[in-house]
Amino acid sequence: MAKTKKKSLKVALITAILSIVACLGMFAGTTFAWFTDSVTSSNNIIKAGTLDVTMEYKNKLNDATEDWKDASKSAIFSHENWEPGYTEVKYIKVANAGSLAFKYDVKVYANLIPGENEVDLSEVIDVYFIDVEDSTAVTRADLVDANKKGTMDSVFNNSLFAGSLKQGESNVVAIVLRMQTTAGNEYMGLSAGDGFTVQLLATQLVSESDSFDNTYDENAPYDGLPMAKVQHMPEFVGEQANIQWESYSIMDKATPLETAYTFTALHTEAEAEQSKYANWHADFVIYADKYVRDGAILIGGNYGTWGWIGFQNVGFPVDANTEVRLLGSYGSGIYINYTEICKDVGEFTCGAGDYNDALAGTTITVELRLYETKDPADTVNNTTNEETGYYEIIGKYSYTFEKGEEVPLAVVNQFSDTKVDEVEQGVKASGQGYLILNVTGLPTIDPQNVDIKCLYSFSASDNATTVATSPYKDWIADFAVVFNKDVKEGAVGLIGEYADYGWIGFGVPDLTNDSVFAGVKANEAVLVLGTACEMFFNTPNSLTYEGVCTGVEEFNCGVFVNSAMASEIEAGTTVTVELRLYNPADPTDFIVAKTVTYPIN
């Protein structure tokens, strides 16, 4: 009996242990329970409000047949026959088409400000502002001093009117322009600042509230398109301006500007930094309404501490309406952004000149543009300076050249010292393609005594198409060499590259027919081609300007000194080389297409 109880106790113990293990095994795959509950808020909305401002205008306030016109798509004021007493009324409606309240400011910017002491129509145009609250049209009786803003020139670059609008609200005002009856004949044919721009700026208004108050947008800035003041600067125009061009200007003669303007940024540095245009690239762009021949136009600018520097369009003709960027043309490594313009530059004076009376009737346009850059900047891929292709124009002027007639023009490029040495060594070695002519009628010069002073490349600006209509196409082309002092026969020589013949040089012979002095008299022209043709071929020079443009295109030539006679050349002697075109009907009538002057000792 006792044995059976012992066995039963053992079985019970084992069963209990197995049960505990089984329970633990069950817990291993489960979690403990807690009291829980939940609430779900669906369809939450985080959506920006819209700030949407519109500006429309009409001529007759209560004319049901006239619709309001979008001011962004056409000019509000457009009348070309102003006379004393003439009055023009425009009704302007500013409306809030969005969901957010805003404040707005309407400004007027002149496209061009006249220079000091220059007469401009804006001086005698009175501007009136009348708030139309009860839909009553303006009458002449409203044109009183209380409603007068001033003359148009005083309104330019300033606020015309401002206000604020909540959702769904609009405001209608009348802007009245009236020409003073005292305006005299000096204003006939003039314009008001070459036109003007009306700009509406809007930004958030202290109105809506957040969790704290309604002041979170009290410092919201206006962020409209920047505008530059463009002002005519007649003091830099003409010979009387006496501009001191820097020596490293790319020109061979002082050329007066025919037109000059100053571009002035109207934003402060702080305003520019807060603007979305802060890092946009600023650049000047120039284009013309006609084909501009190689080297025909001079662009000059005052670069502060560097002074006045002038550039020709050397090396490239410009087709009509082809845009040329002044900084952008030098590559993406050179740029200046809008903030730098407002901070460091401030204003920039530039102008243009007709380099060789070759631009008669040509209109050029200069624009100050801001080019959009990618944002945010990527320092790894250097997109800080990468442009998107979009731009805005913030200043502009146009000018039509009037003086002179359209004459042929040549471009001259001076050879490097390395090239001069190469040609000189070739002459001295008398190798293939290098020859000094020593023939009857010419002074004998030892090739070893050739000391080349300068080499130039002359090329015509016209091409086969443009020369066909030139009145000078049949004129005879020749190079005239002129010394400022008497030069003895054989002391100097001329050298040129003659296509298949290579470089040929010869000493300047006696051209004076003077029994006392043999050589060339001061300021008397030696016609290179004419002399060579008569001397070598016993025939006159027959190379026409059309032949130059269609056949020769480019001619390389220069001047050398016979070192055996160098001591006989008077100190201070210079040589001037001119590409001339002679009238075949009158050999004494000629024009100069290009001139270069060089010292020879």
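User: Which residue in β7 is the bridge partner of Phe-102?

Analyst: This is a predicted model, in which local features need pLDDT of at least 70, side-chain atom pairs count only at pLDDT 80 or more, and totals for chains, interfaces and linings use all residues. Residues are numbered from 1 along each chain as its sequence is written, and side-chain values use heavy atoms, with hydrogens and water left out. Strand β4 (residues 102–110) pairs with β7 in the antiparallel sense over seven bridges, where strands are DSSP runs of E of at least two residues and helices runs of H or I of at least four, numbered from the N terminus, and pairing requires at least two DSSP bridges between two strands. Within β7, the bridge partner of Phe-102 is Leu-165.

User: Is Thr-339 buried or exposed?

Analyst: Thr-339 belongs to helix α4 (residues 338–345), and beyond its neighbours within four places in sequence it is in contact (heavy atoms within 4.5 Å) with Glu-269, Ala-272, Glu-273 and Ala-278. Relative accessible area under 20% means buried, over 50% exposed, and in between partly exposed, using a 1.4 Å probe and protein chains only. Because its relative accessibility is 13%, Thr-339 counts as buried.

User: What is the C-alpha separation of Thr-339 and Tyr-277?

Analyst: Along the chain, Thr-339 and Tyr-277 are 62 residues apart. Their C-alpha atoms are separated by 8.0 Å.

User: Does Phe-537 count as buried or exposed?

Analyst: Phe-537 is placed in helix α7 (residues 528–537). Since its relative accessibility is 60%, Phe-537 counts as exposed.
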